[in-house]
Amino acid sequence: RFTIFHFSLFIFHFSLIMFSISFSSDAPITGAFSHLLADIPGGVTLSSEVLGGAYLKAGTPIGKDTAGRYAVCKTAQLSAQATSAATSLQVRKGHHFLPGDYIASDSSNGKKIKSIDKSNPAYDLLVLQEAISVELSKNTPLFASKGEDKIPKVTPSALVSATLIVPQRSNLFCAATLIGVVREELIPPIPESFKEHLRGIFFI
């Protein structure tokens, strides 16, 4: 819950970084955000070639990759329970995973995605090269890992401010929120481990 204590911490953190960010009190409020207080100056540019979805949704986590460029932190959410022997994961539509990506959770090491079946209108099926090895419950958040580990391929530092169409074979420019209040049920799944890096974002 977003309490008075959390709000006080929020204001304190907000004042500490006021000189290194751009304030956006005039920015439009999307349905996902109840407050947008500070963003990355000038926005960010993302490559669309590594994105597997049609839309980049408001609230999508982003961060810098190993080359220092901003990139999407790919996440997904299980739409059905997966046993430890499962070699495929049933996930909700709208993710950006592609074959060749590694997918992990806070409790399971990454496994390489062999193929993706999008034929079912209700969910996508991510076929893995090997069993997930850990039982995962329905609605578990998943994320792209560096390899067979739990280390995010991209460490999150901000959230995309508004939903955008992903262009084909070109870069995508977007505003990115560093400090704000967001309705968690309206944004892509955010693993608990990601929230540790998103200190300026308050989830309600």
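**View 1. Overall, buried residues make up 42% of the 204 residues in the protein chain.** Here buried means under 20% relative accessible area, exposed over 50% and partly exposed in between, with a 1.4 Å probe and protein chains only. This is a predicted model, where local features need pLDDT of at least 70, side-chain atom pairs count only at pLDDT 80 or more, and totals for chains, interfaces and linings use all residues. Residues are numbered from 1 along each chain as its sequence is written, and side-chain values use heavy atoms, leaving out hydrogens and water. You will find 2 helices and 17 strands in the chain; these are DSSP runs numbered from the N terminus (helices H or I, at least four residues; strands E, at least two).

**View 2. A look into the largest pocket, with about 400 Å³ of space.** A pocket is an open set of points on a 1 Å grid over the protein atoms alone, where a 1.4 Å probe fits, with protein on both sides within 12 Å along at least five of seven lines; lining residues have an atom within 4 Å of a point. The volume is the space filled by probe spheres set on the points, which are joined across faces, edges and corners. Of the 20 lining residues, Val50, Asp65, Ala71, Lys153 and Val154 are the closest to the pocket centre. Strand S3 (44-47) and strand S6 (70-72) are the elements that each give two or more residues to this lining.

**View 3. Ser133 and Asn139 in the loop between strand S11 (124-128) and strand S12 (141-145).** Ser133 is not a glycine, yet has a positive phi of about 75°. Ser133 is partly exposed, at 48% relative accessible area. Asn139, also not a glycine, has a positive phi of about 75°, and is partly exposed at 36%.
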